[in-house]
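Work through the exercises below with the structure in view, and try each task before reading its solution.

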Amino acid sequence: MSLLDALKAFLTPPPPGKGIELWLYVKCKRCGSPLAVRVNLMNEPSIDYETNEYRLTKEMMDSKCFTLMRADLRLDAKRHIVEQKIDKGEFITREQYDALINAQ
């Protein structure tokens, strides 16, 4: 690979949907409203150089009771979730989110 090819590969963004996004599905503890939030894994997490892990704090607000929920995620070097915590809400699966949306 030439220097020009390496530079081109470095500067070319990955195609959409190729592991650059993460969807968080949460439910408000106060009103039960489901929420889907997109996280851009290339821009939003911050790296912790001591542990070589990423940290992400995401604040979300539902449209029913306007409760501000705060998710704290710890990601490994490949940006896979290692630990997740949420305040004033709970994490749900995509299937649970779809069922709650369809029930409304």
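**Exercise 1.** In which loop does phenylalanine 66 lie? Decide also whether phenylalanine 66 and threonine 67 are buried or exposed.

*Solution.* The model is a predicted one, and in it phenylalanine 66 lies in the loop between strand 4 and strand 5. The next step is to apply the cut-offs, by which buried means under 20% relative accessible area and exposed means over 50%. Phenylalanine 66 has 55% relative accessibility, so it counts as exposed, and together with Met61 and Leu68 it forms a nonpolar patch on the surface. Threonine 67 is found in the loop between strand 4 and strand 5 too, but its relative accessible area is 9%, so it is buried. Among the residues that threonine 67 touches are Cys28, Met60 and Lys88.

**Exercise 2.** Which parts of the chain does the salt bridge between arginine 38 and glutamate 21 tie together?

*Solution.* Begin with the atoms: the closest N and O atoms of arginine 38 and glutamate 21 are 2.8 Å apart. Then place each residue: because arginine 38 lies in strand 2 and glutamate 21 in strand 1, the pair ties together parts that are 17 residues apart in sequence.

Key
Residues are numbered from 1 along each chain as its sequence is written. This is a predicted model: local features need pLDDT of at least 70, side-chain atom pairs count only at pLDDT 80 or more; totals for chains, interfaces and linings use all residues. Side-chain values use heavy atoms; hydrogens and water are left out. Helices (H or I, at least four residues) and strands (E, at least two) are DSSP runs, numbered from the N terminus. Buried means under 20% relative accessible area, exposed over 50%, partly exposed in between (1.4 Å probe, protein chains only). Contact means heavy atoms within 4.5 Å. Patches are made of residues with over 30% relative accessible area and no salt bridge: like charges are joined within 9 Å, nonpolar side chains (Val, Leu, Ile, Met, Phe, Trp, Tyr) within 5 Å. Accessible areas come from the Shrake-Rupley method with a 1.4 Å probe; for residues, only the protein chains shown count as cover. A salt bridge is a side-chain nitrogen of Lys or Arg within 4 Å of a carboxyl oxygen of Asp or Glu. Lists of a residue's contacts leave out its neighbours within four places in sequence.
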